[in-house]
Amino acid sequence: MEKAVEMIQIVKKFPQVVANDHVDLTVFKGEIHAIVGENGAGKTTLMNQLYGLLKPDFGEIRIFNKKVDFKGPRDAIAVGIGMVHQHFMLVNNLTVAENVVLGSEIGIGPMFDLKLARKKVKDLSERYGLYVDPNAKIEDLPVGMQQRVEILKVLYRGAEILILDEPTAVLTPQETEELFETMFRLRENGKTIIFISHKLNEVMRVSDRITVMRQGKVTGVLNKDQTNPREIARLMVGRDVVFTVDKKPAKPGDVILKVENLHVKDYRNLEAVRGVSFEVRAGEIYAIAGVAGNGQTELVEALTGLRKPTFGRIFLLGKDVTHFGPRELREMGVGHIPEDRHKYGLVLQFPAYYNVILGRHYRHPFTNGEFLNHAAINNFAEELFKRFDIRPNNTKMLGANFSGGNQQKMVIAREIGLQPRIMVVSQPTRGLDVGATEFVHRTLIELRDSGVAILLVSMELDEVLSLADRIAVMYNGQIMGEVLPNSVTIEEIGLMMAGHRLEEIRGHVA
């Protein structure tokens, strides 16, 4: 088989870390090749070198048997490499056609020929089954369609090798299946796909071969037909991983959080939450599922005091707290694991021992009047690091220098240290590997079993179905339905995530 990509003995070092340690990667023409590994395993660094964003310190890269030396992404694109990033890079107020040709416009002289651009995009979309209206504006398209535009962009530039970085992170189950069909069609057309994912069920579904990385090194190259998720996970984290969440039936207690007809506006002053009502009881996990951007962020911000509702009421332990601020809510027992740990969970330039007392820094024993009690802070931090197995065990290291999984452990450790009555948990395993995910899930179940009420907001359907005691699905700021995890199908949840109400779906099924 012809080799599309060879990365030979690649070494890439950063201060205090070897990101790639003599890595070999071979990808054959016309295959879907998955790359998996823990956070900090070196996957993204390796792909950034293949796409010309970074230069290797040592080693060589060959594309279709020719040695290359990329000065930047333009050089990589010139030899047929395209990268679809996890966060889309589209201009919302331009059309599909304008986005696809942006930077490679076609026309006579200085004149841009929009009609020709539309025709080329239409022809390309029909050839690969990526049907999308060339005249539609990006802002009017659902997320799955926007991803098609990203793929069309790299195909338009002649990509023979496509790097897809966590491509299903923001898709509904139906959109994910459509993406997989697209990948299979691209493979049939001779394209080569490198697929980066932390979802092992997806890796097993679409890949031909799998390269596993751990701590900057390759720990295995596997044929999909000769392996299983358990073996892949063991190579990723160096131990057996438990995939099923072992939990006892919930024993719900009193209502801790009650939300009545809540309306919340977003930063553009548009209504993002539109008449949401629900209750969360002690000792249960109430999950809100849905594709990102359907009001979940604004709902969580309203419940944690970071954004003021425009209408409706929030009750905590029977008390109206609709207009309480974050400090007042924390004092009443609201813990918060935010969706963006960098932006809202940690101060990355602070050492770890400061990060684990944020929100309690003004209370005894961490302060003596006007001054911080550093001895008490250090003792508390060291205890948390041991209890939650935060690595490396260095409380003086800056928050920025920990891996994503250990940063998340720091946030979880701090919030549990508050001894909350309710924990508002948003995207708790975003970007985490299977080992860190297993830890987070186990911790949430232990918290629930101790009588804490948990509101879980997650885009990961497997996570919602395995953790939740009750599930609500949110679309366009409204709840489409509330179900029990053992009485709903993934198809039904997917339809609700796409805007169909539960009674409408079950009415059609009946």
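The model is predicted, so local features need pLDDT of at least 70 and side-chain atom pairs count only at pLDDT 80 or more, while totals for chains, interfaces and linings use all residues. Residues are numbered from 1 along each chain as its sequence is written, and side-chain values use heavy atoms, with hydrogens and water left out.

**Overall fold**
- The protein chain contains 18 helices and 24 strands, which are DSSP runs (helices: H or I, at least four residues; strands: E, at least two) numbered from the N terminus.
- Its C-alpha atoms fill a box of roughly 65 × 55 × 50 Å along the principal axes.

**Burial**
- Of the 510 residues in the protein chain, 54% are buried; buried means under 20% relative accessible area, exposed over 50%, and partly exposed in between (1.4 Å probe, protein chains only).

**Salt bridges**
- The structure holds 31 salt bridges, each a side-chain nitrogen of Lys or Arg within 4 Å of a carboxyl oxygen of Asp or Glu.
- Glu177 and Arg205 form one, with their closest N and O atoms 2.2 Å apart.
- Glu177 belongs to helix H6 (residues 173-188) and Arg205 to helix H7 (residues 200-206), so this pair ties together parts that are 28 residues apart in sequence.
- Glu482 pairs with Arg470 in a salt bridge, the closest N and O atoms being 2.9 Å apart.
- Glu482 lies in strand S24 (residues 478-483) and Arg470 in strand S23 (residues 470-475), so the parts tied together are twelve residues apart in sequence.
- Glu482 is partly exposed at 40% relative accessibility, whereas Arg470 is buried at 19%.
- A network of salt bridges links Lys247, Arg448, Asp449 and Asp469.
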